[in-house]
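This report looks at how two chains meet and what is packed between them. Have the structure open while reading.

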Amino acid sequence: MKNFVGFWKNTWKNRSLMVMALPALILMIMFSYVPMYGVVLAFKKFNYMQGFNSPWCGLDNFKFMFLVGDTFWQMTRNTVGYFLLFTIVGTVGKVMLAIALNEMVFKRAAKFFQSCMVLPHFISYIAISFVVYALLKTNGGLVNQWIMALGGEGINFYAEAERWPLILLIVNTWKNIGYGSVLYLSVLVGIDPGLYEAAELDGANAWQRMIHITIPMLVPMIVITTLLGLGSIMQSDTGLFYQVTKNSGALYSTTQVLDSYVLNAITSGSNFGTTAAVTFYQSIVGTFMIVMTNLFVRKISPDNAIF
Amino acid sequence: MRKTGIGQWLLTILMGAIALFCLLPMILIVVVSFSSEESIIKNGYSFFPSAWSLDAWKYVLGYGKQMVVSYGVTIFVTVAGTLLDLTVEGMFAYTLSRSTFRMRRVFSTLILITMLFSGGQLASYMVNTTIYHLKDTYWILILNGVSAMHVIIMRTYIQGTVSEALIESAKMDGASEFRTLFQVVVPCMTPALASVGFMKAIGYWNSWQKAYLYIDDPNKTPLSLLLMRVEKNIQFLLENEDVMSAEMYAAVAGSIPGESARMAILLAALGPILIAYPFFQKYFVKGITIGSVKG
């Protein structure tokens, strides 16, 4: 009880801090907490007239979600598959790039190269979709020009789904690898040069120094960023999957992810019940992943845990 | 001291090649925007067009009103959104950094929950349109929830650089909490504000999904949405080439910009980012490192 009174006394004493926090609290309630209530739509038979007051329908929406089965599993597979692909290729690429940049003796050049590599991160996917289109379009696209110059047949990229995992992997890597390597580079810069000198004295060559010093120093950061990243396994960048693919229906089998499905459903205004069920499923799995990965992180490195 | 042997030169060339690869798409955009339309139609896209031309840029300047309006909308949304977010989240981060403020535990938990669980896109859309009625307003483009990551970056930065003693002494001198924040703490946290501000500004400048979902009014159309519309019209043209009459086709085709003009519009939209980037790059490194190490 004394504690309770003390708490409110402290709050009153710091009332100007309460005022400072107020705008953030209002925004949080309006745009995070109220929409959380929106998950009830997953259990309602939605119609526009009644909106949030639509009648309950139990688990019907979920039944339907599993009934359309194929699309649903396909979207889940795409979402998780691309996430894993991007994480594995991306992490290896970022680490290699960071090590390579760190090894360069020409520091000014390294700095300049890094700036060039980070830049794509800040270019919007709309711009990138223009460029990808310029590269891939059937008539006059650069890639098709090259293929034909080499005597091959032109490829209609926007109709051939099986080519897109590779295309999206390249685009995603191109956009994010430089930015991601900044983090690993900052770890490398912090390694005590004395370690390398000692290893050199003991006769370790450049390769051994990398295997026994550089990589082990990076491992904690790699593990932690990967684990924390797992929390967003159910989310995807709609810029990549919606814009870059030009939302082409012919490519859905390999390019449609949960987020782009929901975006399509909202813009076409159809099937809100099933869509609500899909977003509910997406949120729940996401929450589960964040909690689990955070438990792990807290075990291995409490400082980096979110909670 | 490591020697600059052959390996170093190979490494430098390899890294240079990767850097160039990262820049190539931007170079392509610039080249195409200065290519003549005929050379593109005849030979397709190319880094080395057969003829150069300024027509695309004349077209962009002549595209006139909608371009200017959209530029204005994007600049307004970027500036207003970034300033609002920095103020709101900066103040919130400051309250979270005060160890004597017991309510901060509650606030931390509140923001943590927003990281853990979200209602999802559809729920947000329904709430924004049916409860707040934000469709076709500037508000929807500017107002967002609170970004937990950005708050944490700022809070960590304040805790790491502004000592408790400094804040206490300002208080002793009779400064109010607001004065302490704006005259003592804010000047110390400029690097954090710059790095978070840059990330936010880029986010607002590039954002398209909200505009796409909520904005119909041409007077509130930001650049990103304008680009999407241009793109849509072209797709419409390609898909309906055979079903449209010649006059209809000519009418639609006349209203959309040519290949080079599209790249010019795109470059006009990208320009400010490319110009601002060199000045801000030293700050975002800081943001990335604080943001990810201290989750």
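The model is predicted. Its largest nonpolar core has 135 residues. Leu41(A), Phe92(B), Leu122(B), Val151(B), Met154(B) and Leu266(B) touch the most other members. Helix α15 (residues 259-293) of chain B gives the most to this core, contributing 10 residues. Domain 1 (1-30) and domain 2 (67-304) of chain A both supply residues, so the core lies between them. The centres of these two domains of chain A, taken over C-alpha atoms, are 40 Å apart.

Phe92(B) deserves a look of its own. Setting aside neighbours within four places in sequence, Phe92(B) is in contact with Ala21(A) and Ala24(A) from chain A, and with Val146(B) and Val151(B) from chain B.

Next, the contact between the chains. Chain A puts in 77 residues and chain B 75 residues. On the side of chain A that touches chain B, helix α2 (residues 15-37) of chain A provides the largest share, 14 residues.

Helix α11 (residues 190-206) of chain B has 17 residues. From its first C-alpha to its last, α11(B) reaches 24 Å, close to the 24 Å expected at 1.5 Å a residue. Is α11(B) mostly covered or mostly exposed? It is mostly covered, with 12 of its 17 residues buried. Among the buried residues are Phe198(B), Met199(B), Lys200(B), Tyr204(B) and Trp205(B).

Key: Residues are numbered from 1 along each chain as its sequence is written. Chains are lettered from A and ligands numbered from 1 in the order in which they are written. This is a predicted model: local features need pLDDT of at least 70, side-chain atom pairs count only at pLDDT 80 or more; totals for chains, interfaces and linings use all residues. Two residues are in contact if their C-beta atoms, placed from the backbone, lie within 7 Å. Helices (H or I, at least four residues) and strands (E, at least two) are DSSP runs, numbered from the N terminus. A nonpolar core is a set of buried Ala, Val, Leu, Ile, Met, Phe, Trp, Tyr and Cys residues joined through C-beta atoms within 7 Å. A residue is buried if 20 or more other C-beta atoms lie within 10 Å of its own, exposed if 12 or fewer, and partly exposed in between; C-beta atoms are placed from the backbone. Domain bounds come from an automatic or database domain assignment. The expected span of a helix is 1.5 Å times one less than its number of residues.
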